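Please keep the sequence and the 3D view open while reading.

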Amino acid sequence: MRDRQEESALSQAASIAHTTYGAIKTGKAIAAAAKGASAAGPYGAAVGALWSVRHPVGKIALVCLLLLPVLFLVMLPSLIFGGLGGESTGGQPILNDAAAVIENTNQIAFAITQVLGEGIDDVKARIAQDFEATGGDGYEIVNPYEGNLVSNTNLLLSQYCASRDQDWRSISLSDLEQVLRQGKEHLYTYTRAQETRSVPDDPETEADESGTETWYVYTIAYRGEAYFADQIFHLSAEQLAPADDYAQNLSLFLGDGMFQFAGSSNTIPSLGDVRFTDGVTEVVYYNQLDDRYANQPYGTDNIGGYACGPTAMAIVVSSLTEDRVDPVEMSRWAYEHGYWCSKSGSYHTLIPGAAQAWNLPVEGCTASEPQRIVDALSQGKLVVALMTKGHFTSSGHFIVLRGVRDGKILVADPSSYTRSQKAWDLSIILNEASRRAGAGGPFWIIGS
């Protein structure tokens, strides 16, 4: 009897999922999808088909839920990787438990980071082996990811799920780890440069030991998610588009700031030379939608759509140093140094990475430290903030906090000159800052 009940529920849910696919395969259905299992209409109906047989849910959950391409396959990864049936620790169905969803997503991110760390160890071993064949005197490794293993967890997860297509029975966290580990020697590559270095005299001896040595400098590079899609997950052309849609929806659902998109392909007339002088520090302002920059490349994307991070750092560097670095130059630098994230914007590590590259002191700060932010701005420092859905963005967006006036915060918004001319309540900025920012965020205090 139970088997027939399971088969009936599976058939019903599969039919509903197939009917629903066209409506939810892109971000257009995000508002309805994000309401989750309690929503009416086809979303609620599909969950209802599952929930009606929730006692034998162990097998049915994995089958029914993974047939929903966005809402359950990727938008709620806890439904794939754990706690698929029954209740969460909060006493409610895990389908509706945001905390459980985030906890499981963090577990996935941790697992991916572990594998990336193994990839770093692997490339270092390959570098050592390569050096042995050079006959050089010494070598050093430049690792831009030291302490900050960059990855777009949402996109990697989405690519993995898309690669499994209808083979939903094999989807699991352990399977994802196994796939990544099989290709870990391909996660990072390196370049090698030869240098001739002087050998100084040894001050403890009288002998002249000066001379030259041949050294090799190895620079590690992360291959990026496009390489993963092609060489690790082997996505077909039909699977690539859903993978990108899944990742966008997941980032929007989690509000993690990973998906950074300006939301408009329109450019604005050149703003010319704009300076804000109403804070302690005079701020050089750039706008990513300015027609001088908007259609210029950021990797294979464009600055107007995706380069809020480089534009924010162009503002910071141009304001706090003698260099004038516009969004085009900063976007090129970010791309060349591995901070560009295809179709998503920038890795969060861009902010401390660029600050350090221009010799600017940088400290991470959380939303629970508002006084640190106010004090830093009052001292003439600038603060980069990663925002999520709210007054500044519908997804994720980097802005620059540039001063304090009458108890309110002045900003330099890389995609809005209008918002940059307003003073904002600190509570709005704290409440809308990303809860899941990496690299020490969601606030980075920059300057001395």
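In this predicted model, an open sheet is built from 6 strands in the order 10-15-11-12-13-14, with antiparallel pairing, where strands are DSSP runs of E with at least two residues, helices are runs of H or I with at least four, both numbered from the N terminus, and two strands pair if DSSP finds at least two bridges between them. Strand 10 (362–365) and strand 14 (423–424) are the edge strands, each pairing on one side only. Strand 14 runs antiparallel to strand 13 (residues 408–412) and is joined to it by 2 bridges; Ala423 of strand 14 is the bridge partner of Leu410.

Helix 12 packs on this sheet, touching strand 11 (382–388), strand 12 (396–405), strand 13 and strand 15 (443–446), and its direction makes about 30° with that of strand 12; contact here means heavy atoms within 4.5 Å. Angles run from 0 to 180 degrees between N-to-C directions, and axes are lines fitted to C-alpha atoms, for helices over the stretch in contact. Helix 14 lies across strand 10, strand 11, strand 12 and strand 15, running at about 10° to strand 15.

The two helices also meet each other: helix 12 (residues 308–320) and helix 14 (residues 350–357) pack at an angle of about 35°, with their axes 10 Å apart. Gly309, Pro310 and Met313 of helix 12 make the contact with Leu350, Ile351, Ala354 and Ala355 of helix 14.

Residues are numbered from 1 along each chain as its sequence is written. Local features need pLDDT of at least 70, side-chain atom pairs count only at pLDDT 80 or more, totals for chains, interfaces and linings use all residues, and side-chain values use heavy atoms, leaving out hydrogens and water.
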